[in-house]
Every structure is written in structure tokens, then in C-alpha cells.
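Dear colleague,

I am handing over the structure below, and after it you will find some notes on what turned up when I went through it. Please read them alongside the coordinates.

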Amino acid sequence: MGHAIDPHTGAIASPIYLSTTYERNADGSYPRGYSYSRTDNPNRHNLETVIAGLEGGTVAAAFSSGLAAIGAVFQALSPGDHVIAPEILYHGTTRILKDIFSPWNLQVSFVDTADKSKVKSAVRDNTKIIFVETPSNPTLSVTDIKAIAGIAHTAGAICVCDNTWATPVLQRPLELGADLVIHSTTKYFGGHSDVLGGAVVGSNDDEFFGRIRKIQQIGGAVPSPFDAWLLLRGAQTLPCRIRNHSESALKISKYLSNHPQVERVYYPGLSEHPGHEIARKQMSQFGGMLSFEVKGDKQRALEVTGKLKIIIRGTSLGGVESLIEHRASIEGPESRTPNTLLRLSVGLENVDDLIDDLSNALG
């Protein structure tokens, strides 16, 4: 599925098709199905086939970044339409809604999507999308996808789920009733912190997805052939990587939850997490991301990151290396993230080495 032997050479690894244009027949048709690399490319086609298959969808559209994918979904709406989105979510999604689409007259309500009653109360006659991100960035709030999808469908809206942190290995939003799934494939799909990408997966190749596809092809925010090739290569090791990330993150979260210098740990795999039971029902494991608040102030949190030797100070997540970030610093003055919170993307290093690194940094 999306990975086939090259018919011309027998190569097991797919070649990279760098051509931007393709030969036409004398009658003007395109006999091999490709015309111009902005509209389609063999590497991108293979990537979309694989991502759709992993998510259990029927169709997928690959983009040049996760935000390009998110932007295409909202752009497929019309001015005056209404969106319900989580009050705590990836700050890039918040920014694109507030700074790009609100001036375009897209109406947006930010609510706690973990509270079904608040979502129901926010529904309007013109609500077209209920957007969920679970586990959420950066405080790992858990939303009941099946319940929110039901609210969306009752209102005649669609449910869109950002599944970047869980991946289809751990969580299957389409099977739980979501209509569209979004990924920043930069993260776990790529897995090596060396390629940007995004994707939208649809449960049906319907009219709305057709608008997303048109935005992809006309707007041109598509991955290069090499980017698609790298993402396809990363997808082949996704299941084994995400299981290792998850096992290590659970062990680290348990360690941190008992550390005297840690105020609070955010990880749905912990039984005391308020969304633990829902996460346990809709996830097979709990993922490789966690956040924790150190005791003290912002300066104390930054001091902890400065003492780490293995874990790298850096933005992004999902790579083989562990990354830590003082999240409020990157989110800016409007951030609602606590100033003592550190977000940790657990990599594939030896978990005991990572715990020793954190122990030495925390003191």
C-alpha cells in the first residue's frame, strides 16, 4: 500500500521523481496520469496512499507543513461560517484562526472541548466544524472524540481531529466518528527532525474534501518529491518508534510525578490525570509527549533546561532525539501556559539515561 517495487528497475526503495512536468500525448492527454508536479507527483501519491491507509481513511492530501494542512481545512469553509476550537491547543492553530481567518470573517469560539456541555452550548446554526486536538498541546488535555463527533453530526457540522501527538498507531479518530484527521507529518511521521510536512485524511472523498484538494493543487503548498520520499521512509518505522516513545514517556512521567522539585506532571498515562479513563478507551498507549511544572518560577524552569546534557533544548517533537522546551516563551505574551511548564518530547535514547539527565538537572 503506497510501497511497491519499481517496475522499471526492480528497486525496492522507491525512486525520487524530481520532474516538474510530464509528457503529453499528441492529442493533449496525459497517458500516465501526471501533468505537473504541483497537482500530483508519484512520491506524493504514494505518501497520501500510505497515510490514508494508516488512518483508515479513503483519501488524503499531503501539504508542505502541518499549518498548511490546517489552513486548507479552514479555507475550505466560507466567510461567516462558525468553528468551535479548543481553548488550549497548538499555538500555531490558534494564531491561524485569530490572525488569518478571523479577519476573513470566519467566526471562532474557543472552548474547553474536554467538557461536552461547553461544546454543546457553543454550537450555533452556522457551526460547520468542531475542531479537537487530543492529547492537546502543551497540557495534554484529553477530549472524547466519539462524543464530540456526535455533537458535531447532530449540528450538521463535521468533526476535525488533530492526531499529530497520538498518530494512527495509538489513536484512530475516523473509527471514533471524526470526519477529517490532520497531521503535522514533520513530527512522528518524519521522525528524524529533518523534513516539514502536513496531511489531511478524509473518511470520505466528498465535496468538502474536494475543496481541500483544490486548495492543495491550486495553492501549491505541497511537499517536494524528496520531502514526500523522506516522510514515506519515516512512516515505515512509525509503529516501532511510537511504541518505544510511549513506553519511555510513561516511565519518565511516573518518575517526575514523585520528584520533590516537580509541582505537576501532565501525561494521560498517569491514573491521576483527569482524562486518563477516556484516553485509556480511545488510545492503545499514551504517546511520547509529556509536560511538567517545576517548583519555583520561570527562571528556575529555564535553569533546569540549561543543566540537561542529553535532552536538547529545542522546538518541535516526535524525533529520535529528546527535546525540551519552555513552552510559554515561544507562545508569546498571550500564552496561557504556566511559566514553570516544560514540554518534553521523549526520544529513543535509553530511558534510564534520560531519567538520570532529568534527575541531575532538577537537583
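To begin with the side chains, those of Arg 280 and Glu 277 are joined by a polar contact of 2.5 Å, and please keep in mind that this is a predicted model. Arg 280 belongs to helix 10, which covers residues 276–282. The relative accessible area of Arg 280 is 48%, and this residue therefore counts as partly exposed, since that class lies between 20% and 50%. Between Arg 280 and Val 195 there are 85 residues in sequence, and the distance in space from C-alpha to C-alpha is 31 Å.

The other part of these notes concerns a sheet. It is an open one, formed by 5 strands in the order 8-9-12-11-10, with mixed pairing. Its edges are strand 8 (262–266) and strand 10 (312–313), each of which pairs on one side only. Strand 8 and strand 9 (residues 289–294) run antiparallel and are joined by 4 bridges; within this pairing, Arg 264 has Glu 293 in strand 9 as its bridge partner.

Two helices pack on the sheet. Helix 9 (residues 238–257) touches strand 8, strand 9 and strand 12 (341–345), and the direction of helix 9 makes about 15° with that of strand 9. Helix 11 (residues 298–306), for its part, touches strand 9, strand 10, strand 11 (323–326) and strand 12, while the direction of helix 11 makes about 160° with that of strand 11.

Technical notes:
Residues numbered from 1 in each chain as written. Predicted model: local features only at pLDDT ≥ 70, side-chain atom pairs only at ≥ 80, totals over all residues. Heavy atoms only, no water. Pairing = 2+ DSSP bridges. Contact = heavy atoms within 4.5 Å. Axes fitted to C-alpha atoms, helices over the stretch in contact; angles between N-to-C directions. Buried < 20%, exposed > 50% of the residue type's maximum accessible area, 1.4 Å probe, protein only. Polar contact = N/O pair within 3.5 Å; in protein donor to acceptor, adjacent residues only side chain to side chain.
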